[in-house]
Amino acid sequence: MREQLIKTLFFLTAFFAVIAILFILLFLVRDGYPILEQVSLPGFLLGLSWEPTAAVPLYGILPLIVGTLLVTIGAMVFAVPLSIGCAIFISEIAPPPMKTVLKPAIELLAGIPSVVYGFFGLVVLTNFIRVAFDLPSGNTWLAASVLLGIMALPTIVSVSEDAISSVPCEFREGSLAIGATRWQTISRVIVPAALSGIAAAIILGIGRAIGETMAVLMVAGNAAIIPVPIWNIFSPVRTLTATLGIETGEVSIGSDHYHALFAVAVVLLLITLVINLSAVAILRYLHEGRTTRPGRKPFISPTAMDSIGRTSKILVAAVLLIFLFAAAPWWLAGLILLAGGAWYFGRDRLSQATIEKCSFALIAGATVIVLAILVIILQDIIVHGLPALSWDFLTQPPTDLGRAGGIYPAIIGSLYLVTGAIAIALPLGVGAAIYLVEYTREGKITRLIRTGSDLLNGTPSIVFGLFGFAFIVMYLNVGISMIAGQITLAMMVLPTVIRTTEESLKNIPHSLREGSLALGATRWQTISKVVLPPAVPGIVTGAILSIGRAAGETAPIMFTAVVFSQRFLPSSVFQPVMALPYHLFILATNVPNSTTNRYGTALVLLMLVVGFYSVAILVRTHFQNKSRG
């Protein structure tokens with residue numbers, strides 16, 4: 001009976017992800033449906049005007065959908081070539097010592113909080129675009145696309161590098177053995193073999209860009225219009241996520257505007273879930289190795305792959321040409337087009353050695369650009385943030401709307417939120433992973449649980465914030481409080497804990513389990529005394545990664561937990577708190593003449609989050625080296 005109770009408990013923790021995603025959908029649909037009684041579904045989705053506060057309110061979200069898609073397309077045009085080039089360099093060209101440095105450096109880009117990206121974009125990127133192109137404002141579609149492209153880089157690089165590295169060595173050796181050059185091997189053997197994984201990486205990058213809130217809110221201009229002409233990259237735009245971030249905090253609860261915002265959240269959630277599930281399906285298919293099993297049809301037939309490749313090249317070339325002639329002077333665009341045409345039509349006359357040198361130079365250049373982006377962001381934050389750091393800044397409350405004083409309540413509030421979130425997510429995540437690995441085989445229930453976790457993982461952070469507001473703050477009448485923020489953050493980081501713990505448990509040899517069971521131990525004794533102890537490093541890594549993500553998030557706590565200024569620390573979990581990400585967001589967007597404290601807050605937040613990610617990378621590297629030894 002004890003063993004059955006333990007198994008039931010682990011099943012309930014595993015099923016929590018399914019319950020959570022169902023509750024999110026339920027409450028979003030519940031609060032979003034009433035607007036469809038006022039506006040038809042086609043009118044809501046295809047309406048050309050979003051003016052909810054006008055004398056005659058208009059609730060057409062087509063400009064928001066178009067803005068989201070345009071920003072995402074621009075981000076992928078920027079990020080995909082750089083990401084794939086960087087992934088090829090790390091996997092195939094870089095020597096092992098360089099690879100051990102490059103991959104963690106790229107991963108640090110993922111550790112930079114989105115509000116810090118947004119602050120950098122607002123202060124540096126938009127000013128650069130305004131001056132470089134002689135515009136009245138740099139808050140444009142171009143700024144949002146470049147910033148989201150930078151944020152998508154680590155996701156696409158990491159997954160693409162894993163896909164390229166997983167191509168069997170026999171492919172490389174066979175190609176080189178018949179006289180192919182390294183570049184021919186990479187371009188005609190390795191990359192095509194890893195194409196499905198690279199496609200999944202791009203889809204995940206698209207999901208990352210579509211679901212981003214704070215960064216795009218701070219740099220896109222937030223005008224709910226469709227650019228005229230449609231390729232005018234200097235036009236301001238507004239995305240679905242930015243609309244939720246801007247308007248939810250100011251809307252009357254229960255009004256048509258309130259219900260319209262929840263309907264916007266439903267549309268956003270459905271878009272991101274479809275995108276992320278597509279990527280997960282591709283990656284899972286590859287992980288199961290179905291493409292190499294004899295007698296099975298390939299995931300994508302060679303004929304279809306060739307057709308997809310040709311169509312993709314045409315589409316990418318067309319999009320690049322549109323962006324090129326829209327963003328660059330006509331003479332520069334013509335020169336680049338002439339150079340590209342000369343390369344495409346004249347490459348057959350070049351020797352393979354020359355083509356290889358040029359290709360490797362471009363790949364190395366892509367890697368240098370990615371690293372330069374990291375250096376520029378860190379250098380700007382560190383150089384301007386260090387003068388603000390002092391003992392008083394770290395230990396005093398803010399004064400004069402944050403222009404003076406310190407950020408002590410925000411630091412402690414962030415730690416409170418993170419500690420509570422991990423205290424909730426860690427037991428649930430570890431329990432779910434134990435059930436999936438130790439107590440069940442692959443079947444319908446297991447697939448349902450994994451799908452729920454994948455859906456939860458792909459949910460945009462602003463949607464978590466809306467759900468926390470609708471369910472915890474309003475429905476449960478908890479109010480804006482620390483505990484509401486902790487629960488919301490815990491739901492957001494739960495999939496990370498599940499995934500990292502599950503991978504750690506799978507790496508424990510089955511012989512240890514079999515030996516323990518053969519000696520008469522029960523299933524729970526085997527798990528607790530034999531399996532879990534060697535898996536602790538992986539579990540710790542997942543917890544640290546979750547802490548880093550929770551500490552840097554703004555959108556989930558905007559409507560559930562935080563206030564801008566507070567002199568004293570909360571005495572109860574039912575009181576609101578300050579938090580570093582929200583404090584930085586308000587300073588950057590609403591408090592003029594606070595440059596020094598903005599940079600100081602950004603630097604402290606960056607140090608806190610990157611520190612957590614660095615510790616996770618070091619722990620992972622240490623135990624990987626230990627296991628190899």
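In which helix does Glu502 lie? Glu502 belongs to helix 21, which covers residues 482–506. The structure discussed here is a predicted model.

Is Glu502 buried or exposed? Its relative accessibility is 7%, so Glu502 counts as buried, since the term buried is used for values under 20%. When neighbours within four places in sequence are left aside, Glu502 is in contact with Ala433, Leu436, Val437 and Arg450.

## The chain as a whole

The chain has 629 residues, and 51% of them count as buried. Its secondary structure consists of 26 helices and four strands.

Taking contacts between residues at least 6 apart in sequence, 78% join residues at least 24 apart.

## Gly85

Gly85 is found in helix 4, made of residues 62–93. With a relative accessible area of 8%, Gly85 is buried.

Which residues does Gly85 touch, not counting those up to four places away in sequence? They are Ile363, Ala366 and Thr367. A further distance concerns Ser359: its C-alpha atom is separated by 9.6 Å from that of Gly85, although the two residues are 274 residues apart along the chain.

## Aromatic pairs

How many aromatic pairs does a search of the whole structure find? The search gives 17. To describe a pair of aromatic rings, one states the distance of the centres and the angle of the planes.

For Phe119 and Tyr599, the ring centres are 4.9 Å apart and the planes stand at 75°, so this pair is edge-to-face; the cut-off for that class is an angle over 60 degrees. Phe119 is part of helix 6 (residues 114–132) and Tyr599 is part of helix 26 (residues 595–628), so the pair ties together parts that are 480 residues apart in sequence. Phe119 and Tyr599 are both buried.

The rings of Phe467 and Phe471 give another arrangement. Their centres are 5.4 Å apart and their planes are at 15°, so the pair is stacked, a class that requires planes under 30 degrees apart. Both residues lie in helix 20 (residues 461–475), where they are four residues apart, about one turn of the helix. Phe467 has a relative accessible area of 3% and is buried. Phe471, at 16% relative accessibility, also counts as buried.

Phe467 and Phe471 are also members of one aromatic cluster, together with Phe23, Phe27 and Tyr475.

## A charge over a ring

Where is the charged end of Arg523? It sits over the ring of Tyr439, 5.8 Å from the centre of that ring.

## A nonpolar surface patch

Which residues make a nonpolar surface patch of about 240 Å²? The patch is made by Tyr408, Tyr416 and Leu569.

Tyr416 is placed in helix 18, which spans residues 408–439. Its relative accessibility is 33%, so Tyr416 counts as partly exposed; this class falls between the limits of 20% for buried and 50% for exposed.

How values were computed
Residues are numbered from 1 along each chain as its sequence is written. This is a predicted model: local features need pLDDT of at least 70, side-chain atom pairs count only at pLDDT 80 or more; totals for chains, interfaces and linings use all residues. Side-chain values use heavy atoms; hydrogens and water are left out. Patches are made of residues with over 30% relative accessible area and no salt bridge: like charges are joined within 9 Å, nonpolar side chains (Val, Leu, Ile, Met, Phe, Trp, Tyr) within 5 Å. Accessible areas come from the Shrake-Rupley method with a 1.4 Å probe; for residues, only the protein chains shown count as cover. A salt bridge is a side-chain nitrogen of Lys or Arg within 4 Å of a carboxyl oxygen of Asp or Glu. Helices (H or I, at least four residues) and strands (E, at least two) are DSSP runs, numbered from the N terminus. Buried means under 20% relative accessible area, exposed over 50%, partly exposed in between (1.4 Å probe, protein chains only). Rings of Phe, Tyr and Trp (its six-membered ring) pair if their centres lie within 6.5 Å; planes under 30 degrees apart count as stacked, over 60 as edge-to-face and the rest as tilted. A charge sits over a ring if NZ of Lys or CZ of Arg is within 6 Å of the ring centre and within 35 degrees of the ring normal. Contact means heavy atoms within 4.5 Å.
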